[in-house]
Amino acid sequence: MEPLDDDHARPAGASDDLVSAVGALSEALERIERARGALYEFHQLMGGADAMLDDVTEGLRAEGHADLAERIETELVGRNVLAGRWTFQIVEEFDDGYYATWRELERTVREKTMDGRRHVLEAEMKQRRRTAGRPGHEATPGS
């Protein structure tokens, strides 16, 4: 099968099993990327909820419930989400540790096995599934 383009061509000697394994690693990283997005969403949702508590306590005080407002202010406002951590610290720890390791290892595997090329498995799948010469089935942009 003719390669999609040079940037996605299977390196000489790369077996089907190797291309599949590297493709699975890339897909797993894509899932980590989605999890990271969910973590950032969690971070923003938690921060937004905490900020809303200012209006809550103001409303409770205005309606004669200063005791409840005080509890919210002392027990919830600014509280750590996990022991010693606000969500920005969770995000930073994730990014600097687990996530950074994933990205570095995925890149290393691609460099050592696929000459650094990304999405070789998907490029080959595109070549198998597209109808050559048909509009909307071009191999690359502008081809």
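A residue is called buried here if its relative accessible area is under 20%, exposed if over 50%, and partly exposed in between, with a 1.4 Å probe and protein chains only. The model is predicted, so local features need pLDDT of at least 70 and side-chain atom pairs count only at pLDDT 80 or more, while totals for chains, interfaces and linings use all residues. Residues are numbered from 1 along each chain as its sequence is written, and side-chain values use heavy atoms, without hydrogens or water.

Y99 belongs to an aromatic cluster with F94 and Y98. Rings of Phe, Tyr and Trp (its six-membered ring) pair if their centres lie within 6.5 Å; planes under 30 degrees apart count as stacked, over 60 as edge-to-face and the rest as tilted. On that basis the whole structure holds 3 aromatic pairs. One of them joins F94 and Y98, whose planes are at 35 degrees with the centres 6.0 Å apart, so this pair is tilted. F94 also pairs with Y99; here the centres are 6.1 Å apart and the planes at 25 degrees, a stacked arrangement.

F94 and Y98 both lie in helix α3 (residues 87-113), 4 residues apart, which puts about one helical turn between them. Helices are DSSP runs of H or I with at least four residues, numbered from the N terminus. Y98 is partly exposed, with a relative accessible area of 48%.

Most residues other than glycine have a negative phi. Phi of D115, however, is positive, near 55 degrees, and phi of H119 is likewise positive, near 55 degrees. D115 is exposed at 55% relative accessibility, whereas H119 is partly exposed at 34%.

Elsewhere, helix α1 (residues 16-62) and helix α2 (residues 66-75) have axes that come within 7 Å and cross at roughly 160 degrees. Axes are lines fitted to C-alpha atoms, for helices over the stretch in contact, and angles run from 0 to 180 degrees between N-to-C directions. Angles under 35 degrees count as roughly parallel, over 145 as roughly antiparallel, 65 to 115 as roughly perpendicular and the rest as oblique; α1 and α2 are therefore roughly antiparallel. Contacts (heavy atoms within 4.5 Å) between the two helices involve, among others, L53 and V56 in α1 and L68 and I72 in α2.
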